[in-house]
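Welcome! Please take a moment to look over the sequence and the model shown here, and then we will walk through some of its details together.

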Amino acid sequence: MAESKITLEQVRHVALLARLRLSADEETRLQADMSSMLGYVEKLNELDTTNVPPTAQVGEPGTPMRDDEVTNHPAPDDMLANAPARHGNFFKVPKIIE
Amino acid sequence: MNSEKYEAVIGLEVHAHLSTRSKMFCGCSTAFGAQPNENVCPRCMGMPGVLPVLNRQAVELAVRAGLAAHCEIARESIFDRKSYFYPDLPKGYQISQYETPICKGGYIEIALKSGETKRVRLTRIHLEEDAGKNIHEADGSLVDLNRSGVPLVEIVSEPDMRSAEDAGAYLRALHAMLRYAEVSDARMAEGGMRCDVNISVRERGAEKYGVKTEIKNLNSFRFVEKAIGFEIGRQIEVIESGGKVQQETHLWDPVREETRPMRSKEFANDYRYFPEPDLPPLRVPPDLVEKVKTEMPELPDARRARYISEFGLTAYEAGVIIDEREVADYFEATLPGLNNRKAAANWVMTEVLRVVHESGKSIGDAVPTAKEVGTLLKMIEDSKISLNAAKTAFAAMCTSGKGAEATIGELGLAQVSDEGAIAAACDQIIAAEPSKVAEYRGGRDKLYGFFVGQVMKAMGGKANPKVINDILKKKLAG
Amino acid sequence: MSELNRLTIADAQAKLRKREISSRDLTRACLDRIATVEPKLNAFITVCAREALEQADAADQRLSSADAPPLCGIPLAIKDIYATKGVRTTCASKILENFVPPFDATVIAKLRAEGAVFVGKANMDEFAMGSSTENSAFGPTRNPHDLERVAGGSSGGSAAAVAAYECLASLGTDTGGSIREPASFCGVVGIKPTYSRVSRYGVIAYASSLDQVGPFSRTVRDAAIMLRSLAGIDPSDSTCSARAVPDYERALTGDVKALRIGVPKEYFVEGMQPEVEKSVRDALANLQKAGAHTVEISLPHTPYAVAAYYLVATAEASANLSRYDGIRYGLRVPAENNIELYEKSRAQGFGAEVKRRVMLGTFALSAGYYDAYYLKGQKVRTLIRRDFERAFETCDVVMAPVAPTTAFKLGEKTDDPLTMYLSDIFTISVNLAGLPGMSIPCGYDNAGLPIGLQIIGAPFSEETIFRVGDAYEKIGAFSTHQLKI
């Protein structure tokens, strides 16, 4: 069997970075899928990109800016309407421990 | 503490709210003190599908900060996404600047107690958006996103500081610069300016830096100084006992007055920076930099120099007054109509600042308005009241809130310059003390003070000393 | 005309203004058709019957005056990726199953202002990640031409709804081919405009530097009409172009004389379905008869496009999807602490394909891997853009197939993600380069499944693309099959 391009440890680390709780099956499946993809994208190493600038955007240059005006008006009920857990006008979460 | 063997190496990262009306990327208000989640919209709440649009004023203020700190302003800078998960970070990433900030280099000059000045170099200044606030209760935490999206500049210093004093002086100088340049109100108590400290120790003469710890989110100068003092001691102790300093993030506990490591794993982060695809590169053309230069308010150094050259203050006096912008503005507001500016400076430095420091309140709340103090000073200048009477009146005005003229009137503190009344009092005293008059006339000049005192006493302390002198001398001469 | 839902926009516009038909009748016909075929098709996540009729009545009022906007009274389906104020917007995900946005996407607001009618929110692959609409949390959409086959993705519902006459046109989005591929599979017209031509504000983000808004329609003229209403500057989108929007209908001159058509040799490869290749080449031959010239071009970095895309798109997506945490909206799973809150809500709310891409994207950006993966992908993207820049020096448009095959069977490609990804091979480069691309029907395979012809242009050359597409339509090289449903 071909060696995986990514270890289970790495999969778990990425899952923590991405805040995804994976079952053992999912971990194994993802390890295989990611390994397959990472193997596939290795073909990019066939290309010498030493002097090639990266493309971060393909839009037109120019920096659109807005005037410093207050254009939004308070509407907490609308903004909180979709909140799964609400306490008055706050969003409620489990206690944060620093 | 073995401060002979070791030296501390300190760098500060300061986050300051920019003085804009609206947020960095949306039109919500930045006003402090609103009810929870009142100043939020789909954008700063991170709803699906929203996109950021940059606030022009935030850019100009960042350029202004860069110019005031002698930085190089980047023609083009890039916004990046900084990813981490925290309940007060709605998008799960903060829009910040990583590799190419808007300002690079620069420095802040600081003055130490010894009289020495030192230059603390800056690494960079960049733009970013603030996160919301968490309030911790017994059974959970509450998230308020009013602050989410408020524009910030992050000012990063080189590790040029070597002591708590250096750090305190740097923060005060930076605070003054931000306020004078009208970049930020920098109200630390409101979270308008926050400081993270990066600190390590090493043996004096060593070239390499030691392992540094980061102390996060300090919001007062005192806390910064104390935390640094504590942390230097702690690190030295670790090293001296054979251990190794861990690279950790700490918080300052103001109650126990110690630093302690942050418990949560959430801060062991890989921020995965990449260029923000929703914002084109930020272009700051030369004409924008020129515009900001022409609009630059008077900075602390310029104001200090002006006070010395225009008002004749000493460097020390000027330094004390410009330390806080509100004090300097207050001082200048007392001046219209006054000739003796040094007297005004002195009054501000002694009477005004004493009350301010004792009360713990701001200059706006603790003392009468500058206009009223100006009136008081003018009355002294015009000999309408004596210096002592003015001090009495001032103390009363601090609590009563009443104006200068009203207070002088109510307390009957007006100085009497009526020559007739003073002449009558002189006559009265001369008549009552014939032997002393004779002694004085016989050559005992020292008795003059006695007579002045008696006349003043007879006048209830309100006589104008100059008029007394004019009249008394003549009368005593015979 | 017995079935009003089969009208084109152009025809409906004329009849509405002549008061031969009302928007209510038109909308009613669409809603009736929806009721009939939806059990088989599943093109919609939410049908908005009541709201649609209200909109239709309001449109009818406006149509009595002379200056009703172009799309006034026209029933449209909206991919469930667009924020529609007051109407559930799910992005085909459990994590947004009950999310009701308090705002409209910019293009939705534009369409509302024109008096368009929204018959419903169309099915899609979850968070636009997929090529078959099999990744929807609400079941797949079936192909109207063969119910055992996929409608394509990620805008499968929008394409199928137009093909099955459930509406006159629809909105989709295209990040790696998600308009063009389902258009090809369902036998309708679908255009992805130049990146930045249309505002993305309110379009739930998948990959920010690749996502683009575009319409599905039954004719090229209808697509031109739609794009004119959608395109244009938006102060809410910092990446949106300020260029003026042409009257695209004026470009439909039918003239392709001296048009230079670039035919990329890398797009005619082994593994293509023979009927697809034949159909595309026949189309080229027909255009040559009408006066166009073909020129063989090379886009040498084509074989690297899928790899570059799956690094760049997943990286951007991993950040775009970080906001789904159950705190301010969306699915929330009860938890003891915040890490658990995030991990469980996201695990339960996201489907397998979304998790796959978020994991890959997070990895591509992570410490130590950024240069080798994300940055490398963006550099190869530059090479792909340059390929097209060079090509457009010698041709006016590039033409190619849309997909290597016609619609595949449900479940056929779901085992191996990589196989599914490779079916995007002809569309993905266009997104990486930010170019406009349109799919128009050019025939059927032996099983009666539609084949799409792709017309790719230089930036902001939609007028040329519409002209070519419309000219090809006018040739009438084949007749449209009747649907069995």
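## Where we start: C:T239

Where in chain C is C:T239 found? This residue sits in the loop that runs between helix 7 (220-230) and strand 9 (260-264) of chain C. Please keep in mind as you read that the model is predicted.

Is C:T239 buried or exposed? Its relative accessibility is 9%, so C:T239 counts as buried, the cut-off for buried being under 20%. Its side chain has a polar contact of 2.6 Å with the side chain of C:D237, and another, of 3.0 Å, with the side chain of C:R200. Leaving aside neighbours within four places in sequence, C:T239 is in contact with C:Y195, C:S196 and C:R200 in chain C, and with B:P277, B:D278 and B:L279 in chain B.

The size of an interface is often given as the accessible area lost when the parts come together. Here, chain C and chain B bury about 2800 Å² between them, and 62% of this is on carbon and sulfur atoms. On the side of chain C, the residues that lose the most area to chain B are C:S238, C:R323 and C:R328, which together make up 21% of what that side buries. In terms of contacts, 39 residues of chain C touch 31 residues of chain B.

How many salt bridges does the rule find across the interface of chain C and chain B? There is one. B:D278 pairs with C:R200 in a salt bridge, with 2.9 Å between the closest N and O atoms. C:R200 is also a polar-contact partner of C:T239. Helix 9 (305-320), helix 10 (338-349) and helix 11 of chain C each give two or more residues to the side that touches chain B. Sorted by class, that side of chain C has 21 nonpolar, 11 polar and seven charged residues.

Side chains of opposite charge can pair when their charged atoms come close. Over all chains, a search of the whole structure finds 78 salt bridges. One of them joins the side chains of A:E26 and C:K355, at 2.8 Å from N to O. This pair crosses between chains: A:E26 belongs to helix 2 (residues 24-41) of chain A, and C:K355 to helix 11 (residues 352-365) of chain C.

How do the two partners compare in accessibility? A:E26 is partly exposed, with a relative accessible area of 26%, while C:K355 counts as buried at 6%.

## Bridges within a chain

In chain B, B:E109 and B:R119 form a salt bridge whose closest N and O atoms are 3.3 Å apart. B:E109 lies in strand 8 (residues 107-111) and B:R119 in strand 9 (residues 117-129) of chain B, so the pair ties together parts that are 10 residues apart in sequence. B:E109 is partly exposed at 43% relative accessibility, and B:R119 is partly exposed at 45%. Elsewhere in chain B, a network of salt bridges links B:E182, B:E298, B:R303, B:R306, B:R325, B:D329 and B:E332.

C:D32 and C:R28 form a salt bridge, the closest N and O atoms being 3.5 Å apart. Both residues lie in helix 2 (residues 23-41) of chain C, four residues apart, which is about one turn of the helix. C:D32 is partly exposed at 41%, and C:R28 is partly exposed at 36%.

Definitions and conventions. Residues are numbered from 1 along each chain as its sequence is written. Chains are lettered from A and ligands numbered from 1 in the order in which they are written. This is a predicted model: local features need pLDDT of at least 70, side-chain atom pairs count only at pLDDT 80 or more; totals for chains, interfaces and linings use all residues. Side-chain values use heavy atoms; hydrogens and water are left out. Buried means under 20% relative accessible area, exposed over 50%, partly exposed in between (1.4 Å probe, protein chains only). A polar contact is a pair of N or O atoms within 3.5 Å; within protein, one must be able to donate a hydrogen and the other to accept it, and residues adjacent in sequence count only if both atoms are side-chain atoms. Contact means heavy atoms within 4.5 Å. A salt bridge is a side-chain nitrogen of Lys or Arg within 4 Å of a carboxyl oxygen of Asp or Glu. Buried area is the accessible area (1.4 Å probe) that two parts lose on being put together, summed over both. Ala, Val, Leu, Ile, Met, Phe, Trp, Tyr, Cys and Pro count as nonpolar, Asp, Glu, Lys and Arg as charged, and the others, Gly among them, as polar.
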